[in-house]
Amino acid sequence: MESLTILIIEDDLLTAHDLKGALESAGHRVPTIARNYHEAMAAIRRQPPDMALVDIHLERSAADGITTARDMLAMHWMPIIYLTANSETPTFQRAKETEPIAYLIKPFHQNEIVFQIELAYTNRSLSHRPSHTAVPETLFLPINKGYEKVVLQEVLYLLAEGAYVKVFMVNEEKPHLLSMNLGYLAQYFPISYFYRLSRSLLINLNHIERLERNQLFMRNHGNPISVPESNRTDLLKKLGVIRTR
C-alpha cells in the first residue's frame, strides 16, 4: 500500500500524537495536527491531504468536526473518518451527510484506524478499475482486527444500525459487525444481484426464497424482512415475479 498524507483534526494533543505515531509506524505521513476549525482550513489550503481523521467534538473551535469536514470537502475532496465519544443518533445522522468512510466510537484501538485507512485505499483502487473489469467474487472486510475474505455470493444482506453495518452470511448464525457507513460499503457489492431495499438495507436477490405483499424471507434466515411499499414494484421487476391477473 502506498504512503498517504493524513490530516489529524483532534483537540486532545495526547490522543493526536498517539494517532500520529500509529499512522507513521504504518508508513503514512502526518504533516499537521489541527486542533480547531481555523487550523484545519489552513492545513487544507497549505497541503491538501489524501485523507482526514476528524474528532467531532472540538473544544474552543468555531465549529465542530462535522461542520469542519463539510467545509474542507467543499475545498478538497478526500475520505473522512470520524472519531467521537458521541454515539447519539442525531450526531450520526449529521455526520452521514458528509459521506464518511467510517465513524469510530471512542475508545478504539489504534490498529482499527490503520485498518480502516488501508481498507479505504484498497476499495478506492477497486472503484477506479476500468468498467470492463469483471465483478469481483470476494472482498476483504475489516473483521476481528484484520481482514477476512468474504465470498459475495454467500452474503445474505447488509443492515445499517447506527454507526455500524451488520453483514449477515448464509451459513453463519451471528453477523459480522463493521464500523462504517452502508452507503460507502454498498458500492463494492455488485448491483447485478444486490439490491438496496431501503436506506438501511442491502439484500442479495439470489437468496430470497419467498415474497409476500409486505415482506420477504431469506435463505436460512427465519425472520421476515419488511418491504417498503415505495420499492415493492421495482423489486418485483428485478425478481421476475409472474403476477396473477
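Two strands count as paired here if DSSP finds at least two bridges between them. Strands (E, at least two residues) and helices (H or I, at least four) are DSSP runs, numbered from the N terminus.

This is a predicted model, where local features need pLDDT of at least 70, side-chain atom pairs count only at pLDDT 80 or more, and totals for chains, interfaces and linings use all residues. Residues are numbered from 1 along each chain as its sequence is written, and side-chain values use heavy atoms, with hydrogens and water left out.

View 1. (For angles, axes are lines fitted to C-alpha atoms, for helices over the stretch in contact, and values run from 0 to 180 degrees between N-to-C directions.)

**View 2. Where strand 13 meets strand 14.** Strand 14 covers residues 215-218, and its antiparallel pairing with strand 13 runs over 3 bridges. To pick out a bridge, find Ile-208: its partner in strand 14 is Met-218.

View 3. Zoom in on strand 9 (residues 164-169) and you'll see it joined to strand 10 by 3 bridges, the two running antiparallel. Lys-166 has Leu-177 in strand 10 as its bridge partner.

**View 4. Helix 2 packing with helix 3.** Helix 2 (residues 37-46) and helix 3 (residues 65-75) pack at about 20°, their axes 10 Å apart. That makes them roughly parallel to each other (angles under 35 degrees count as roughly parallel, over 145 as roughly antiparallel, 65 to 115 as roughly perpendicular and the rest as oblique). Tyr-37, Ala-40, Met-41, Ile-44 and Arg-45 of helix 2 meet Thr-67, Thr-68, Asp-71, Met-72 and Met-75 of helix 3, contact meaning heavy atoms within 4.5 Å. Sorted by class, this contact has 6 nonpolar, 2 polar and 2 charged residues; Ala, Val, Leu, Ile, Met, Phe, Trp, Tyr, Cys and Pro count as nonpolar, Asp, Glu, Lys and Arg as charged, and the others, Gly among them, as polar.
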